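Welcome, and thanks for taking a look at this protein with us. Have the viewer open as you read, since the report moves from the sheets to a few individual residues.

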Amino acid sequence: MTPDCTGHQDKVYTYAAVHFMQRGTVLLRSRRGGPERCLTGAWCWCARPGTYLAFRSPRPRRHWRLAATGHVLDDWADEGLLPAEPRPVTDVGRAVAQWQTLTAHAFGPAVRDRRLAANALEAFLLDLAAAEPPPEGPAWAVALRTRRDRDPALTPDYDHCAREAGVTPAVLRRTFQALTGLTPHRYLLSRRCAEARRRLVATDEPLERIAAACGYRDVFFFSRQFRRLTGIPPGEYRLRAEG
């Protein structure tokens, strides 16, 4: 945390970063040569590997920031907890308390310290997500996405979903992709993969049980698809997380 920060950046990130401006003004640009956006007050903006960000301040700001790597951040990104656009911070007092906990434990030597820091950051990101306005789009498209979020093991019949919504399957796919950035099937796979990664790290469940919980009848097909989406098989993913 820098109480009177005048630092600036102009780069492509190779790691994940979360920035929380408690107060002040920042001029933020999300693409090279693009327009600057002026943010005043309490704001959060994030970066993922490969993200370009440039920011500067006309006057000092109170700036909290965290840079990190790891599977937990990948999970949060898949779950939409790392916002792609800057978000206003509404409960500043609560956010400051979360970041105080985060910075107090982020560099601690014990595993418990890292978990406390991660929990504080996750709570901050969840508050941001809860404060977002409801997603725009037809009610049926929002409902379809919500069902995918709640139960990634559910295998949908998209033709039936289209009939229920009163649209053609092609319209369903285009509208859903406009809402989420992914086709319905790709969105479902991303949610299944996120749930599988969570279970691989948080539980000792065998691969067969994890595959079934994520909607796969065949553990070998689950393993192939997991490897295609993440680059490594689930067993290796678990070993890396434990290490």
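Strand β7 (residues 52-56) and β4 pair in the antiparallel sense, with three bridges between them. Within this pairing, Leu28 has Phe55 of β7 as its bridge partner. Please keep in mind that you are viewing a predicted model.

The two strands belong to an open sheet of four strands, ordered β2-β7-β4-β5 and paired antiparallel. At its edges stand β2 (9-12) and β5 (37-40); each has a single partner strand, so one side of each is left without a neighbour in the sheet. From one strand to the next, the twist averages 20°. For background, strands of a sheet pair through backbone hydrogen bonds, either parallel or antiparallel.

Start with β1, which pairs with strand β8 (residues 61-68) in the antiparallel sense over two bridges. Here Thr2 stands opposite His63 in β8, and Cys5 stands opposite Arg61 in β8. Moving along the sheet, β3 and β8 run antiparallel and are joined by seven bridges. Phe20 stands opposite Trp64 of β8.

## Helices across the sheet

## Ala16 in strand β3

Which residues does Ala16 touch, beyond those up to four places away in sequence? They are Ala47, Arg48, Pro49, Leu66, Ala67, Ala68 and Leu73. Ala16 has its place in strand β3. One of those contacts, Ala68, is 52 residues from Ala16 in sequence, yet the C-alpha atoms of the two are 5.5 Å apart in space.

Ala16 counts as buried because its relative accessibility is 10%, and the cut-off for that label is under 20%.

## Arg192 in helix α7

Is Arg192 buried or exposed? Arg192 is buried, since its relative accessible area is 7%. This arginine is placed in helix α7 (residues 184-202).

A polar atom of the Arg192 side chain lies 3.0 Å from the backbone oxygen of Cys214. Cys214 is also among the residues in contact with Arg192 once neighbours within four places in sequence are left aside; the others are Pro152, Ala153, Leu154, Thr155, Gly215 and Tyr216.

## Cysteines without disulfides

How many disulfides are there? The count comes to zero, with a sulfur-to-sulfur cut-off of 2.5 Å. Cys161 is in no disulfide, and the nearest cysteine sulfur, that of Cys214, is 19 Å away. Cys193 is in no disulfide either; the nearest cysteine sulfur is again that of Cys214, at 8.7 Å.

Cys161 is buried, with a relative accessible area of 11%. Cys193 is buried as well, with a relative accessible area of 6%.

## The protein as a whole

Stepping back, the protein holds ten helices and nine strands. Along the principal axes, its C-alpha atoms fill a box of roughly 55 × 45 × 30 Å. Of its 243 residues, 39% count as buried. Among contacts with a separation of 6 or more, 68% are between residues 24 or more positions apart.

Conventions: Residues numbered from 1 in each chain as written. Predicted model: local features only at pLDDT ≥ 70, side-chain atom pairs only at ≥ 80, totals over all residues. Heavy atoms only, no water. Buried < 20%, exposed > 50% of the residue type's maximum accessible area, 1.4 Å probe, protein only. Polar contact = N/O pair within 3.5 Å; in protein donor to acceptor, adjacent residues only side chain to side chain. Contact = heavy atoms within 4.5 Å. Pairing = 2+ DSSP bridges. Axes fitted to C-alpha atoms, helices over the stretch in contact; angles between N-to-C directions.
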